[in-house]
Amino acid sequence: MALIEFAPLDVPLHRRRQTAAVLFWVLLMTLCNITSILLLSHSATLPIFLAYVVFILLDPSSEDGGRKLGWFRRLSLWKWMGEYFPVSLVKTADLDPSKNYVFGYHPHGIIGLGGWVNFATEATGFSQTFQGIDLRFMTIDTNFNFPIWREILLSLGLVSVSRRSCDNILSKGPGNSIMIVVGGAAEALYAFPKTNDLVLNKRYGFVKVALRHGASLVPVFSFGENDIWDQVPNPKGSLLRKIQTTFQRVAKFSPPLFYGRGVFQYSVGIMPYRRPIVSVVGKPIECPQIDEPTREQIAEYHQKYMDGLQRLYDEHKDVYAADRIKDLTFID
């Protein structure tokens, strides 16, 4: 039986701070839900909380651009979180702030942590790197049904990935842009270290959105996103994969059985491994504005996007994924 490898007692303070920041993030949604239950169970706070629930039902913010707060996105907490891995951002081309963009983020990974750090916060300086681009990171609408948690997402500028949300943001004017994790929940089930499987072959919706608004498509590949957790093997046809797929169909998100390291030991736990994540932002792919694009037009620009993403991966794989065991593969 393998012995547990404990962390040394003399870990520098800055590394402890990084670990604490990531642990807080890992537990954040759970803490929000526990707080909601406590507020519901106390007679003094119940009326206020019920009024808040009504507000949630009526609040359109998740489909209208969120409530992005600059100071909240610049909190040191996010910087410490990014330093843990570390997470970094690489720019390969300038983006004209007079245009709109639809960014595609790949891969989803277990949770999409690199996307959170690089594009939902200012931990790596997105706003300075891409000046004039007002980006909204998109997530499934279910996330905005959780009290308190939704306020954190909205304050960071996260919004629903619904069609209405996409249309609202891209119609706000120059520079307003969205980022979609194209592979979604299905792709999380393929997130294994040193592999690069993307659910993209049949994902046409984001291309149609770009064409309807004349927004340029921007491929983004995060090297290392799949490396920060291990996952219990779930080959197609296995009982585990069938259960996960059924759950995903019902709940709209997938339940990968993942594990990493612990807080005070390195052997097993829910904490991600300290492995680098590098998000490389590719060159924009210009799209014409077409109110009702045909299937052929959508397929044409979908292929252009896939080709651009492949080039982006090939140009950087030997620098940021030298130890890969499987190259970029488009599936499903």
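Reader: At 1.5 Å a residue, what span should the 13 residues of helix H2 (residues 46-58) have, and how far apart are its end C-alpha atoms?
Author: This is a predicted model, in which local features need pLDDT of at least 70 and side-chain atom pairs count only at pLDDT 80 or more, while totals for chains, interfaces and linings use all residues. Residues are numbered from 1 along each chain as its sequence is written, and side-chain values use heavy atoms, leaving out hydrogens and water. Helices (DSSP runs of H or I, at least four residues) and strands (E, at least two) are numbered from the N terminus. With the expected span taken as 1.5 Å times one less than the number of residues, H2 should span 18 Å, which agrees with its end C-alpha atoms being 19 Å apart.

Reader: How wide an arc around the axis do the buried residues of H2 cover?
Author: Phe 49, Tyr 52 and Ile 56 are the buried residues of H2, where buried means under 20% relative accessible area, exposed over 50% and partly exposed in between (1.4 Å probe, protein chains only). They lie on the same side of H2, because the arc, taken from the directions from the helix axis to the C-beta atoms, is only 55°.

Reader: Which helices do these buried residues pack against?
Author: On the other side of H2, Pro 47, Leu 57 and Leu 58 are exposed. The buried residues, by contacts of heavy atoms within 4.5 Å, pack against helix H1 (13-41) and helix H7 (149-156).

Reader: Which residue in S10 is the bridge partner of Val 87?
Author: Strand S10 (residues 277-281) runs parallel to S1, joined by five bridges. In S10, Val 87 has as its bridge partner Ile 277.

Definitions and conventions:
Pairing = 2+ DSSP bridges.
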